[in-house]
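Me: I'm new to this one. Can you walk me through it?

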Amino acid sequence: MRILVMSDIHANYNALEAVLKDAGQVDETWCLGDLVGYGPDPNAVVEEVREIKNLTCLMGNHDVAVIGRMSLETFNGDAKRSLMYHEQVLSASNMDFIRSLPSKPKVRSEATIVHGSPRDPLWEYILNSTTASLNFDHFDTDVCFVGHTHIQCSFTLKERTGQVAAEHAKPDAALPLHPKVILNPGSVGQPRDRDPRAAYAIYDTEARTWTPKRVMYDIADVQNRIREAGLPEKHAARLAEGW
């Protein structure tokens, strides 16, 4: 199967459209959470995701907050301001869809999927090999897909030494999957690895490969809508630089 793996769309409809078009025909789509937060298009993003066939979608920490299951006080001021806006504008049916999503890890085929980390599904950031090493005992599959950091990367457990090798992703370079590995497809709507292009990945279950992908979209248009909605300027500025 050819599976689109994506995460952290963050209400950026232009980026989501670019990813879906660039990915082409897929057998399944796995979304690792955070449909909302930061961006100007929460309804358009949720409605587009709801229409994706063969979808498995998780809840991220911003999604949990927007439906009231997590205090907005746990977020910084700018993130809180955007979530308050999303609370006001999200339609009832889109809120119901977000409420229906699971927040705990799910096992799909030979992979575990989760928003944050296997041991802390909503909040832990796997940013380095030390944190990754603490998570390998918390999933039983060969592969674990995570989001949350907005950084496209991989963490491979070396069986002989027990050490963990961390690597930043190389777009379009297929990575052969040898157990065990933690993979992050990056962020669709707000990349933070100094590459402003929308990030996602293709998981091929038969070839057992993971291919990181990047695609450009109309960033200026999204920035304009962020400003028109009165959302924090920081959220517009960072899109052009990928931070």
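This is a predicted model: local features need pLDDT of at least 70, side-chain atom pairs count only at pLDDT 80 or more; totals for chains, interfaces and linings use all residues.

Me: Sheets first. What is the strand order in the open sheet that includes β11 and β12?
Reply: The order is β3-β2-β1-β11-β12-β9. That makes 6 strands, with mixed pairing.

Me: Which strands sit at the edges?
Reply: β3 (55-57) and β9 (175-176). Each of them pairs on one side only.

Me: How do β11 and β12 pair, parallel or antiparallel?
Reply: Antiparallel, over 7 bridges. Strand β11 covers residues 198-204, and strand β12 covers residues 209-215. For one of the partners, look at aspartate 204: its bridge partner in β12 is threonine 209.

Me: Which helix lies across β1, β11 and β12?
Reply: Helix α1, residues 13-23. Its direction is at about 165 degrees to β1 (2-6).

Me: And the sheet with β4 in it, what order does that have?
Reply: β4-β5-β6-β10-β7-β8. This is an open sheet of 6 strands, and the pairing is mixed. Its edge strands are β4 (106-108) and β8 (164-168), each pairing on one side only. From one strand to the next, the twist averages 20 degrees.

Me: How many bridges join β7 to β8?
Reply: 5 bridges, and the two strands run antiparallel. Strand β7 spans residues 153-157. Phenylalanine 155 stands opposite alanine 166, which is in β8.

Me: Switching to rings. How many aromatic pairs are there?
Reply: The structure has 5. One of them joins tryptophan 30 and phenylalanine 145. Their ring centres are 5.9 Å apart and the planes meet at 70 degrees, so this pair is edge-to-face.

Me: Where do those two residues lie?
Reply: Tryptophan 30 is in strand β2 (residues 28-31) and phenylalanine 145 is in strand β6 (residues 143-145), so the pair ties together parts 115 residues apart in sequence.

Me: Is tryptophan 30 buried or exposed?
Reply: Buried, with a relative accessible area of 0%. Phenylalanine 145 also counts as buried, because its relative accessibility is 0%.

Me: What about tryptophan 30 and tyrosine 203, how are their rings arranged?
Reply: The centres are 5.8 Å apart and the planes are at 55 degrees, so the pair is tilted. Tryptophan 30 lies in β2 and tyrosine 203 in β11, so this pair ties together parts 173 residues apart in sequence. Tyrosine 203 is buried, as is tryptophan 30.

Me: Which residues end up in the cluster?
Reply: Trp30, Phe145 and Tyr203, linked by ring pairs.

Me: Which residue lies over the face of phenylalanine 139?
Reply: Lysine 180, at 4.4 Å from the ring centre.

Me: Back to helices. How do α7 and α8 cross?
Reply: At roughly 175 degrees, with their axes coming within 9 Å. The two helices are therefore roughly antiparallel to each other. Helix α7 covers residues 219-228, and helix α8 covers residues 233-241.

Me: Which residues meet there?
Reply: From α7, they include Ile219, Val222 and Ile226. From α8, they include His235, Ala236 and Leu239.

Me: Last one. Where is glutamine 190?
Reply: In the loop between β10 (181-184) and β11. Glutamine 190 counts as buried, because its relative accessibility is 2% and the cut-off is under 20%.

Me: What does glutamine 190 touch?
Reply: Asp8, Tyr38, His150, Arg238 and Leu239, leaving out residues up to four places away in sequence.

Notes. Residues are numbered from 1 along each chain as its sequence is written. Side-chain values use heavy atoms; hydrogens and water are left out. Two strands pair if DSSP finds at least two bridges between them. Helices (H or I, at least four residues) and strands (E, at least two) are DSSP runs, numbered from the N terminus. Contact means heavy atoms within 4.5 Å. Axes are lines fitted to C-alpha atoms, for helices over the stretch in contact, and angles run from 0 to 180 degrees between N-to-C directions. Rings of Phe, Tyr and Trp (its six-membered ring) pair if their centres lie within 6.5 Å; planes under 30 degrees apart count as stacked, over 60 as edge-to-face and the rest as tilted. Buried means under 20% relative accessible area, exposed over 50%, partly exposed in between (1.4 Å probe, protein chains only). A charge sits over a ring if NZ of Lys or CZ of Arg is within 6 Å of the ring centre and within 35 degrees of the ring normal. Angles under 35 degrees count as roughly parallel, over 145 as roughly antiparallel, 65 to 115 as roughly perpendicular and the rest as oblique.
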